[in-house]
Structures are given as structure tokens and as C-alpha cells.
Amino acid sequence: MPKQTVRDLDVKGKKVLVRVDFNVPQTKDGEVADDRRIRSALPTLKDVLDRGGSLILISHLGRPKGDPTVDAPFKLDKVAAKLQDLLGKPVEKADDTVGPSAQKLAADLKPGGVLVLENVRFNKGEKKGDPEFAKALASLGDAYVNDAFGTCHRDEASMVAVPEQFPAEKRAIGFLVEKELNILDTLLKNPKHPYVAVMGGAKVSDKILVMESLLAQVDKLLVGGAMTYTFLKAKGIEIGKSRVELDKLDVAKKLLETAGDKIVLPVDHLIADKPEAGAETRATEGQEIPEGWFGMDIGPKTIEEYSRIVREAGAVVWNGPMGMFEVEAFADGTKAVALAMAESSGVTAVGGGESAEAIQKFGYAEKVSHVSTGGGAFLESLEGKEFNSIKVIPDR
């Protein structure tokens, strides 16, 4: 059933607590390096403001240690400043989450006002799901909206215990979470065929469960990235000095045996004499990688084949790069998949993390159906997991 959304809430004159995911990449001096997650929340935030409500925003940033001297880079001041630029209106920032600063600024907030609370993970009660902390946080607002898909798979206080403090009619999801759930619903329940998954990244171990789930649904699963070499090694193919998970060879072998021809492995590779920029590179003729060489990307024949399969698909889900795309010499495979996704007329979903970073970098983010803001949450959804943070929001 569709969930109650922010559009179903009466927000006029109300202070709306919105859990956002402003866990953005930062530069060395603490500036926001990529504001995509902030921009993704704007439709929900503007809706509340346009209808006469005010906003109290809850977010985490980074992995605080509980030491103020170490955690200073994780304060949300620069994030609040970026949000102010994007909204084009004043944004206040509290120095705490549920303390005196937050309480005073929340109490004084007028309709149309925007308040960003300090990093919610500075409070030990957040990770523990502490009910007393949740009660204090909930007391700041009149209603609750979850628009933080990237954190939906976590049972933290701001995701589950806080909405539980509000009556059902005052809990909702935002437009970003609604969009994420809709695209996942399409992929899980009614994908157009051919349905293709593209899985890359370093480790088979990170993707076992989602691969098993997807193999029950997709017509093809295209493998790239460093995990390729674990699969090839499991088949007895020479992989040179390429990265391999020796303790996962049995898992890879079992996946290959049960999947039949659904799993598609690269037929050639771009290899290098060292895994870094400036290395000597060349393409292999086939799947074997010579002794002393590293597999760094899918090769030209594989690029051509993978691109064709993606372009002709009715639905495509992509998670994980095809190679070390942050180095220009090893970026062609990832760039080609991104282009093929953009050129496909099917439903195209990019599953967060490095894939989202890549499609943004290559300029195709606006040409696919959806770029997820959640890496872990997106993968766990594809595994078929249900989240307590979504269960706590009533159906419409």
C-alpha cells in the first residue's frame, strides 16, 4: 500500500520535523563537495514552506566518535549554509540537537522559518534508539516526515522512535522517499523485460544477498569491477595479480552454477602493470590476465556487449562501477555503462554509492529514471528487506 506522504499532512502554522539525509561528501576544509542529497530534499522542504509550515531538520554527517575535538568537522554549519543558498532564504542552525539552543530556536520558529539541528549522531541516544532522546527530539515539532532514504535501513532514534511519538495522522514520508519506494516497487514487483542488473565494485561478499535476490528476477546480471576476478578465479581462469577474495571462491562458484547463463562475465579486460594512474595499460584478447598484470576495467569487447544489453533492456538496475573509474585511464567501462543507461528507453535505476557518483561525474544523472540517494538502503531493499522506518509510517 502507498504510504502517507507530506502532501497528506496539514502543515499550515505547524512546525514539521523532517529527517533528511544531508550526509554529504566534504572537501578538506569542510565545504560541501557534492550537494545532490541536499537538492534531492528540496521538493519536500519547499512543499512544507509553500503551505505555511516551518521546518526543523534532523540529519547526521559522517561518523562522529563522541569527542568534540575530533568531531568538529562533522558539525552541520556548512551544510546549513549550503541549504540556505539552495533555498534562497535564511536558515538557522542550532548548536545542539535537543539542548537549550535547539529548544529556544524551535520555540521561536515562525511559519516559513527553517532550522537545522546539530548532527543527530553527536547524541549517543540516536544510535541506541533511546526513547527518552526520541521524546525530547519529537517535542520540538508538531509532525514528522521521513525524507532520508539513505538511512531508512537503520533503526536509529530519529528514524523509528521519533515518529512513534506522533499520532499516525502526523507521520509521513517525503517526496524523495516516495520516489525511491516507487522505483523499487517497480523493480521488485513489475519490472519490464528484459530485466538487467549491472553489478560492480570490489567485493562479492558485499553483494551476495542482493545478487541471489536479483538472479531470481532478472534475465541477465552483468558483472564488472574487482569482483569479476573472484568469479573468474572460481572458474579456474588466470587473473594475474588482480584483486581476489580467496575466501569467497566457493560462493562465487555456487552462484555461477545456480545462475546458469544469467551471469555474464567480461570477455576481455583493460589491464595495467600497476593499479594506479600513469601505469602501462593494454586490453587482453580474452578472459585470461597475464602473470604480473592487474585487471583494472572491462575491456572494449565487453564494453560493446554490456552497452548493447543495457540499451535494449526494459528495466536496468545498476550498482557498482566497472573499474577504478576515479582514474581516467580506467574509467571507460563505467562511463560506457552510464551512457548506455542514459540512452536506454527502459526504466533505469542507479543504486547509490559509487554508481551515483559516477553517473553524476559523467553528466548522465538527469537522463536516467532514478539515481538513488541510498547505497546500503537501496541494496537491502533489492534483497527484499522491509524497514521499520517505513513500517512506522501509516498507509494512505
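Strand 5 (residues 143–147) is largely enclosed by the rest of the structure, because five of its five residues are buried (under 20% relative accessible area with a 1.4 Å probe, counting protein chains only). The model is predicted, so local features need pLDDT of at least 70 and side-chain atom pairs count only at pLDDT 80 or more, whereas totals for chains, interfaces and linings use all residues. Residues are numbered from 1 along each chain as its sequence is written, and side-chain values use heavy atoms, with hydrogens and water left out.

In a regular strand, side chains alternate between the two faces of the sheet. In strand 5, both faces are covered: A143, V145 and D147 are buried on one side, and Y144 and N146 on the other. Strand 5 runs parallel to strand 1 (residues 15–20), to which five bridges join it; pairing requires that DSSP find at least two bridges between two strands. Within this pairing, R19 stands opposite N146. Strand 5 also pairs with strand 6 (residues 171–173) in the parallel sense, over three bridges, and V145 stands opposite A172 there.

The protein chain contains 15 helices and 15 strands, taken as DSSP runs (H or I, at least four residues, for helices; E, at least two, for strands) numbered from the N terminus. Of its 396 residues, 57% count as buried. The C-alpha trace spans about 70 × 45 × 35 Å along its principal axes. Among contacts (heavy atoms within 4.5 Å) between residues at least 6 apart in sequence, 71% join residues at least 24 apart.

Note on methods
Buried < 20%, exposed > 50% of the residue type's maximum accessible area, 1.4 Å probe, protein only.
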